[in-house]
Amino acid sequence: MIKLTINGLNVSVEEGSTILEAAQFLGFPIPTLCHMEGLSPYGACRLCVVEIGEDAGAKLVTSCTYPVQEGMKVRTTSKRVNRARRMIIELLLASCPQSKVIQDIASKYNVRQQRFRQEHEDCILCGLCVRMCEEQMVAKAIGFRGRGETRSIGTPFDIKSDVCRLCGGCMYVCPACQLRCTYTEPDKAVCGGCANIAAPCLDKDKFGDMMCYMDPCVACEIEK
Amino acid sequence: MNPEVVHNILEKHQQSQDGLISILEDIQRSFGYLPSQALQQVAEESGRNLVDIYGVATFYKSFSLKPRGKHLISVCLGTACHVRGAPSIAEEFEKSLKIEAGETTEDQEFTLETVNCLGACALGPVVVVDGHYFPNVKRTAVAEIIAKTREGIDKIEVKTDQRVFPIEVSCPRCNHSLMDTMNLVDGHPCITVTASFNRKHGRLSMSCLYGSYNIASEHVIPPDIVLNLFCPHCHAELSGGANCAECGTPMVPMIVRSGGVVQVCPRRGCKGHLLDLSE
Ligand code: SF4
Ligand code: SF4
Ligand code: SF4
Ligand code: FES
């Protein structure tokens, strides 16, 4: 067992667990976005930042990837953490305001405005779909391509993958889309996961293709 | 695309347990780009996943998935070149060749790319065509560079290749002179840089006579070792040159004081070099 303090409370947790696991186990809430139980930690969204160390040595780390250490002092709601967290939420909101998941996080942390140029990204590069496909579906049909501004998710050469099992797992976990198509026939495609009533692909004028990165969609095969 | 070639490349790397990047580099060297069938073949034969291979191939700018032209024109847009007007030079190339950066002309002659620092800031704005450096390029020189390339850029060096004459060089990064008047090699002031290999670091003095390969080194350099050379003033690594025509090792560029660039192969025993003098 490893002894550490979280928000001033002395606790001991199992060796090898992450700060996030320890904090959640003890009931300290930490918001996460790219973290999901059953998938390997990735540290992409930075939403789960906490502060460790003291005085000049204090620093922000992503709790989902940081293993607990003996004697560590963790603060999950310090001023610095809150400031960083707000900023990250604002940035997420700016890049993908249509996401129900991000909206929910923003409202929970009382972020009502953001000060950046609004984009409507259809992907925030959280990597959940890639890990889902590889680790749970053991398909490895999609992955990251390119870098920087042009980084994107998709199949190699953008052609329909022959290892994809059409399970829809990638869409299910996607925080940017959340459309969770439950049918494979286009005319029955109903996106039930979010507040939008119509599947965006069936209502192209209204949504364009901003809601779904699948091109072509592995589940519904609607050509966009 | 010849599957045999890819197969041989994979075979070669299997033994040395080399990583994916070396394999892709070799494929790109053989075909000039990464054909999609080749990537497929790498996936099948090496047991790697195509998703990973495609991810790496699209991540690095030096890999191209599209066929490239016969001549590669790289315009540096690094900070130093940028402030000296490199964007307008890139634009001029785009206009003259009627393509955007990153594209290849229809006749497959030219590929234009912009790069983010060639490590030769003192030469800026610098343009590299098929490994030949063009320093202090002005907008008006663009047409001339294209014309020169068309008629065969390798003609430029032939003029000077056979002669033995002293050259004075400086670091392409900080522009400090690399000449060392205290030590003589071949009876001339030598070119002194810091060399490192196998975790050893030491002074390396090279003859400044173009055509002489005499050196004096602090440590004994075994044959075939590829040295890393550094500027003794700014400690920047001297790297980023064209691939040596003899052995393929990336060469080490240095500025010639009278105007131009000399590149030498850092592999011990290899005599590959390239000299571009600007008038
Ligand atoms: S639908 Fe295809 S790409 Fe998506 S998780 Fe399933 S196997 Fe992977
Ligand atoms: S497509 Fe969705 S799940 Fe995949 S990386 Fe982008 S935002 Fe994350
Ligand atoms: S294309 Fe349409 S049906 Fe397919 S995942 Fe996207 S929204 Fe759902
Ligand atoms: S949840 Fe930790 S970085 Fe996204």
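This talk walks through one predicted model, from chain A and a ligand to some rings and loops in chain B.

Some ground rules. Residues count from 1 along each chain as its sequence is written, chains are lettered from A and ligands numbered from 1 in the order written, and side-chain values use heavy atoms, leaving out hydrogens and water. Because the model is predicted, local features need pLDDT of at least 70 and side-chain atom pairs count only at pLDDT 80 or more, while totals for chains, interfaces and linings use all residues.

Chain A first. Chain A has six helices and seven strands. Those are DSSP runs, numbered from the N terminus: helices are H or I with at least four residues, strands are E with at least two. From the N terminus on, the order is β-β-α-β-β-β-α-α-α-β-β-α-α. Chain A holds 224 residues, and 47% of them count as buried. Buried means under 20% relative accessible area, exposed means over 50%, and partly exposed is in between, with a 1.4 Å probe and protein chains only.

Now the ligand. What surrounds ligand 2? Twelve residues do, and the closest are A:C123, A:C126, A:G127, A:C129 and A:C174. A residue counts as near if one of its heavy atoms lies within 4 Å. The shell divides into eleven nonpolar residues, one polar and no charged. Here Ala, Val, Leu, Ile, Met, Phe, Trp, Tyr, Cys and Pro are nonpolar, Asp, Glu, Lys and Arg are charged, and the others, Gly among them, are polar.

Next, aromatic rings. The whole structure has four aromatic pairs over all chains. Take B:Y60 and B:F63: their ring centres are 6.2 Å apart and their planes stand at 85°, so this pair is edge-to-face. Rings of Phe, Tyr and Trp (its six-membered ring) pair if their centres lie within 6.5 Å; planes under 30 degrees apart are stacked, over 60 edge-to-face, the rest tilted. B:Y60 is partly exposed, at 33% relative accessibility. B:F63 is buried, at 10%. Ring pairs join B:F59, B:Y60 and B:F63 into a cluster.

Chain A comes back in here. The charged end of A:R147 sits over the ring of B:F59, 5.2 Å from its centre. For that, NZ of Lys or CZ of Arg must be within 6 Å of the ring centre and within 35 degrees of the ring normal.

On to the loops of chain B. Which residues there have a positive phi without being glycine? B:K98 is one, with phi near 60°. B:K98 lies in the loop between α6 (86-97) and β2 (110-115). B:K98 counts as exposed, at 74% relative accessibility. B:D224 is another, with phi about 75°. Its loop runs between β11 (215-217) and β12 (228-230). B:D224 is exposed too, at 53%.

Is B:M179 buried or exposed? B:M179 is buried, with a relative accessible area of 19%. B:M179 belongs to strand β7, residues 179-185 of chain B. B:K200 is in strand β9, residues 200-206. At 38% relative accessibility, B:K200 counts as partly exposed. B:K200 and B:E218 are 18 residues apart along the chain, and their C-alpha atoms are separated by 9.8 Å.
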